[in-house]
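Reader: I am new to this structure. Please take me closely through one part of it, and give each term its cut-offs.

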Amino acid sequence: MPKKITILISACLLGEPVRYNGTDLSIKDHPLIKKWSDSKQLVPLCPEVAGGMSVPRTPAEISSGDGYSVLRLQANVIDKNQSDVSKYFISGAQKALELAKKNNCGAAILTERSPSCGSQQIYDGSFSNTRKTGMGVTSALLIQNNIKVFNQYQLEDLERYLCYF
């Protein structure tokens, strides 16, 4: 029988109210999430909370760059009050990577558009609800460490990816 791969998942996607505004983005009723949960493949984490941020917290966006730029210390994560909160995002990304390695995660499902977890789009740093192509800090660090990142809209893609293990 093939080994089941473990999957790091944003805690908010499993119904935990850990988003900046104290809400969740639950997809726990999706058939694939139920399947992976029932087979104990999901490893939940909120990188922002793991990095030391509270719930609720001031919204934050990456200014002038993306997650890779933040990891290279060439861009910052700035909250709506103009405070630099980059250290929390970097710390949370590092904790996510540690947890993924400890649990042998081969993939991740992370929340799209988040400054931590976005994998295809993030907000542009203007707090005007404008999106841009880019990746959050945690997604960038996981990808740099060969962990494939999917968002909540790509569950079928992840299911196909898991067939290779």
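Author: Two strands pair if DSSP finds at least two bridges between them. Strands themselves are DSSP runs of E with at least two residues, and helices are runs of H or I with at least four; both are numbered from the N terminus. This is a predicted model, in which local features need pLDDT of at least 70, side-chain atom pairs count only at pLDDT 80 or more, and totals for chains, interfaces and linings use all residues. Residues are numbered from 1 along each chain as its sequence is written, and side-chain values use heavy atoms, with hydrogens and water left out.

Now to strand β5. It covers residues 105–110. Strand β1 (residues 6–10) runs parallel to β5, joined by four bridges. Here Ile-109 of β5 faces Ile-9. Strand β8 (residues 148–151) also pairs with β5. That pairing is parallel too, over four bridges. In it, Leu-110 sits opposite Asn-151 of β8.

Burial comes next. Buried means under 20% relative accessible area, exposed over 50%, and partly exposed in between, using a 1.4 Å probe and protein chains only. Six of the six residues of β5 are buried, so the strand is largely enclosed by the rest of the structure. In a regular strand, side chains alternate between the two faces of the sheet.

A loop residue can be buried as well. Arg-57 lies in the loop between α2 (47–50) and β3 (60–63). Arg-57 counts as buried because its relative accessibility is 10%.
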